[in-house]
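This briefing goes through a protein chain and its ligand, topic by topic. Please look at the sequence and the structure first.

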Amino acid sequence: MTYSYDQLAQWDKQYVWHPFTQMKDWLEEEIIIVARGEGVKLYDTEGREYYDAFSSIWVNIHGHNVKELNDAIIDQLGKIAHSSYLGYGNIPATLLARELVEIAPPGLVKVFYSDNGSTAVEVAVKMAFHYWRQCPNPRPEKNKFLTLMNAYHGDTIGAVSVGGIDLYHGTYRDLLFPTIKVAAPYCYRCPFGAKAGQCEKECEQALEKAFAEHAHELAGCVIEPVIQGAAGMITQPPGYVKKVRELCDRYDVLMICDEVATGFGRTGALWAVNHDGVSPDLMAISKGLTGGYMPLAVTLATQKVYDAFYGDYAEMKTFFHGHSYTGNQLGCAVALASLELLKKHNLVTEAARKAGVVKKVLAEFNELPHVGDIRQAGLMVGIELVRDKLTKEPYDWQEKMGIKTCLAARKKGLITRPLGNNIVFMPPLVSNDEQLQEMLEIIKASIIQVT
Ligand code: PLP
């Protein structure tokens with residue numbers, strides 16, 4: 001049965017409540033209904049094609065409709081789609097866990113499955129909190145988290161609590177557990193008033209001060225390493241992640257890294273923490289885990305954390321947490337196939353090389369009068385639009401410059417989603433040089449048209 005666009009659009013508007021969407025706007029818009037994908041392109045119900053320049057909300061790695069990934073799911077479907085992970089193992093989940101431990105930063109040796117990035121963070125936060133209650137020398141007073149302002153770790157209550165973007169988190173303040181918040185690096189608009197390139201690493205000093213003051217009550221420190229995605233692709237100065245590791249070691253605090261967005265080669269290294277050569281105690285991964293095919297997430301833990309939950313049942317050390325779809329067989333099967341493709345095509349090294357191509361093209365954006373800052377970590381890019389380049393005066397959010405620019409890009413055959421005044425460029429890792437250039441040309445033309 002096929003349905004007309006008009007019919008589908010009407011039903012969408014009648015029945016659906018879209019995420020992160022003002023539905024009043026949605027009802028007034030001419031909406032796009034994605035019908036299929038092929039490589040790095042998406043096609044709508046009307047047959048129009050678009051570059052998927054934000055990897056379908058940062059998840060896609062190998063492009064769409066990839067034979068090897070399709071086959072992995074079809075093959076698994078012929079066996080079983082899902083079985084309970086509470087009380088039973090399954091083949092793809094076991095193989096994937098083994099594979100993930102092999103490629104994870106050293107020391108992360110245990111895999112705890114869930115289904116989305118928020119939950120992977122939620123699990124890490126619960127594990128860290130719980131850890132201090134039953135580690136060999138319990139310290140239940142260590143029950144708080146040090147977090148960064150502008151952080152985004154997802155939308156469940158624990159993940160929102162450790163986040164720090166007022167737009168998403170402010171409303172729920174009374175519902176959240178309090179955290180110790182430290183200003184995050186943002187070199188273009190340094191929260192400490194320092195000038196980029198001439199600073200005394202005030203951001204690290206602030207971190208150090210917070211650790212020194214609060215170590216006695218800190219269970220963990222949660223960060224998005226190297227780049228804060230939803231904040232507007234805000235990159236951290238080199239060495240910042242290493243500093244967090246040092247402070248966590250010095251003050252006996254668990255380091256929790258949220259690699260939900262940065263994992264699987266996005267930043268030009270398999271994991272963002274690799275840039276600083278550190279390993280966290282807990283690490284949340286999701287998005288790219290299945291190449292963008294299925295909802296799946298993992299919280300990786302060290303032996304030390306795992307051991308704190310290990311004992312006789314009567315000791316009541318069990319981590320009582322799990323979901324109906326934990327360890328989903330289809331998700332794990334496609335994740336295995338995705339990792340194989342990642343290796344086969346050397347995609348992480350390729351992503352680092354392609355980042356160089358992107359950087360060169362982006363350098364031309366600096367000439368544009370309303371491009372204030374361009375931030376890049378591998379194939380994660382944020383282009384910050386400003387009203388006044390000299391004073392860095394931002395556009396008012398009501399002007400919707402990010403949204404307008406992305407709408408202009410859509411008309412030119414490219415889909416991405418802005419973060420306020422920041423245009424996000426985060427293409428699938430398989431995008432070739434020509435495609436990357438063409439995508440950036442469309443974005444540039446759209447910025448020129450709108451600003
Ligand atoms: N953590 C980070 C760094 C993210 O960027 C996101 C989503 O954008 C999440 C967590 C939440 O992931 P999910 O949307 O799968 O719940």
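In helix α4 (residues 67–77), the buried residues are L69, A72 and Q76; a residue is buried if 20 or more other C-beta atoms lie within 10 Å of its own, exposed if 12 or fewer, and partly exposed in between, with C-beta atoms placed from the backbone. Seen down the axis of α4, these buried residues fall within an arc of 55°, so they line one face of the helix. The model is a predicted one, in which local features need pLDDT of at least 70 and side-chain atom pairs count only at pLDDT 80 or more, while totals for chains, interfaces and linings use all residues. Residues are numbered from 1 along each chain as its sequence is written.

**Helix α4**

- The arc is that of the directions from the helix axis to the C-beta atoms.
- An α-helix has 3.6 residues a turn, so residues three or four places apart point the same way.
- On the face of α4 turned away from its buried side are the exposed residues K67, I74, D75 and L77.
- The cover over the buried residues of α4 includes α5 (91–103) and α12 (329–344). Helices (H or I, at least four residues) and strands (E, at least two) are DSSP runs, numbered from the N terminus.
- E68 also lies in helix α4, and E68 is partly exposed, with 14 other C-beta atoms within 10 Å.
- Not counting residues up to four places away in sequence, E68 touches A337 and L341. Two residues are in contact if their C-beta atoms, placed from the backbone, lie within 7 Å.
- E68 and R48 are 20 residues apart in sequence, and their C-alpha atoms are 26 Å apart in space.

**Whole chain**

- The protein chain has 15 helices and 17 strands.
- Its radius of gyration is 22 Å, close to the 22 Å that the globule rule gives for 451 residues, so the protein chain is as compact as a globular protein of that length. The radius is taken over C-alpha atoms, and the globule rule is 2.2 Å times the number of residues to the power 0.38.
- Along the principal axes, the C-alpha atoms fill a box of roughly 65 × 60 × 45 Å.
- Of the 451 residues in the protein chain, 48% are buried.
- Among contacts with a separation of 6 or more, 69% are between residues 24 or more positions apart.

**Two domains**

- The domain assignment gives domain 1 (32–65 + 346–450) and domain 2 (71–344); such bounds come from an automatic or database domain assignment.
- The C-alpha centres of domain 1 and domain 2 are 26 Å apart.
- In domain 1, 28 residues are in contact with 25 residues of domain 2.
- On the side of domain 1 that touches domain 2, the elements giving two or more residues are α3 (55–58), α13 (347–363), β13 (371–377), β14 (380–388) and β17 (422–425).
- Helix α13 gives the largest share of that side, five residues.
- By class, that side of domain 1 has 15 nonpolar, nine polar and four charged residues. Ala, Val, Leu, Ile, Met, Phe, Trp, Tyr, Cys and Pro count as nonpolar, Asp, Glu, Lys and Arg as charged, and the others, Gly among them, as polar.

**Ligand surroundings**

- There are 14 residues around the ligand, of which G117, S118, G154, V260 and A261 come nearest. A residue is near a molecule or strand if its C-beta atom, placed from the backbone, lies within 6 Å of it.
- Helix α6 (residues 117–134) gives the most to this shell, with three residues.
- The shell around the ligand holds five nonpolar, seven polar and two charged residues.

**Single residues**

- L254 lies in strand β10 (residues 254–258) and counts as buried, with 27 C-beta neighbours inside 10 Å.
- Leaving aside neighbours within four places in sequence, L254 is in contact with A128, Y131, A219, G220, C248, D281 and L282.
- G311 lies in the loop between α11 (303–307) and α12, and G311 counts as exposed, with 12 C-beta neighbours inside 10 Å.
- The C-alpha atoms of G311 and K343 are separated by 38 Å, with the two residues 32 apart along the chain.

**Positive phi**

- Most residues other than glycine have a negative phi, and most peptide bonds are trans.
- S55 has a positive phi, near 50°. S55 lies in helix α3 and counts as buried, with 27 C-beta neighbours inside 10 Å.
- M233, which is not a glycine, has a positive phi of about 55°. M233 lies in the loop between β8 (227–228) and β9 (234–235) and counts as buried, with 25 C-beta neighbours inside 10 Å.
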